[in-house]
Amino acid sequence: MGRQYGIALLLFAALSAWLVAGAHLSCIYFGPQCYAAQMAPPFVVESAQVGTMLAPIATIAASAIFVILGCYALSATGLMRRLPLLNVGIYSIALVCIIRGLLPIQLYVRHPEKISNAVFWIGVAWLIVGLCYLLGYRAVKKQRAD
């Protein structure tokens, strides 16, 4: 796998992370129904319904995390300055995304009645994003070493 392919995978991972951040932020505008549709924890949905600051603050915090994850992918491409602990960060992000993807998939295989189609496909998406982080970084890193 070449460097350009690795960069493409990492750019896809960055874009995915930033789209998730945007989707989370959209809940602030669209309200409680959006939080519920995006499967936010019940206390966050309740906060949005009663109008407390917990829901928007939690949303901004979660979105900030996804923006940072996207920045790590972009940093790994070399298109952005090298972020601290890039190696550990990328492998950790990849591991968490892969685990996040595999959990609903394995549950679907064992107990399909417990998993909705939406949760299954979200798991597949996270698995793909995690593999993009892992394989993309390895390809870019390998080309730097050569």
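## Overall architecture

From the N terminus on, the elements of the protein follow the order α-α-α-α-α-α. The protein accordingly contains 6 helices and 0 strands. The model described here is a predicted one.

Taken along the principal axes, the box filled by the C-alpha atoms of the protein is roughly 55 × 40 × 20 Å. The protein has 146 residues, of which 39% are buried.

Two packed helices are described by the angle between their axes and the distance between the axes. Helix H1, which spans residues 3–30, packs with H4 at an angle of about 170°, and the two axes are 8 Å apart. Because angles over 145 degrees count as roughly antiparallel, H1 and H4 are roughly antiparallel to each other. Sorted by class, the contact of H1 with H4 has 21 nonpolar residues, 5 polar residues and 1 charged residue.

H4 also meets helix H5, which covers residues 86–110; their axes come within 10 Å and cross at roughly 125°. H4 and H5 are therefore oblique to each other. The crossing in which H4 passes H5 is left-handed.

## Thr77 in helix H4

Thr77 belongs to helix H4, which comprises residues 54–77. A residue counts as buried under 20% relative accessible area, and Thr77, at 1% relative accessibility, is therefore buried.

How many disulfides does the model have? With a disulfide taken as a pair of cysteine sulfur atoms within 2.5 Å, the count comes to 0. Cys27 is in no disulfide, and the cysteine sulfur nearest to that of Cys27 belongs to Cys34, 3.1 Å away. Cys27 has a relative accessibility of 3% and therefore counts as buried.

Terms used
Residues numbered from 1 in each chain as written. Predicted model: local features only at pLDDT ≥ 70, side-chain atom pairs only at ≥ 80, totals over all residues. Heavy atoms only, no water. Helix = DSSP H or I, 4+ residues; strand = E, 2+ residues; numbered from the N terminus. Buried < 20%, exposed > 50% of the residue type's maximum accessible area, 1.4 Å probe, protein only. Axes fitted to C-alpha atoms, helices over the stretch in contact; angles between N-to-C directions. Parallel < 35°, antiparallel > 145°, perpendicular 65-115°, else oblique. Nonpolar A, V, L, I, M, F, W, Y, C, P; charged D, E, K, R; others polar. Left-handed = near helix turned anticlockwise from the far one by under 90°.
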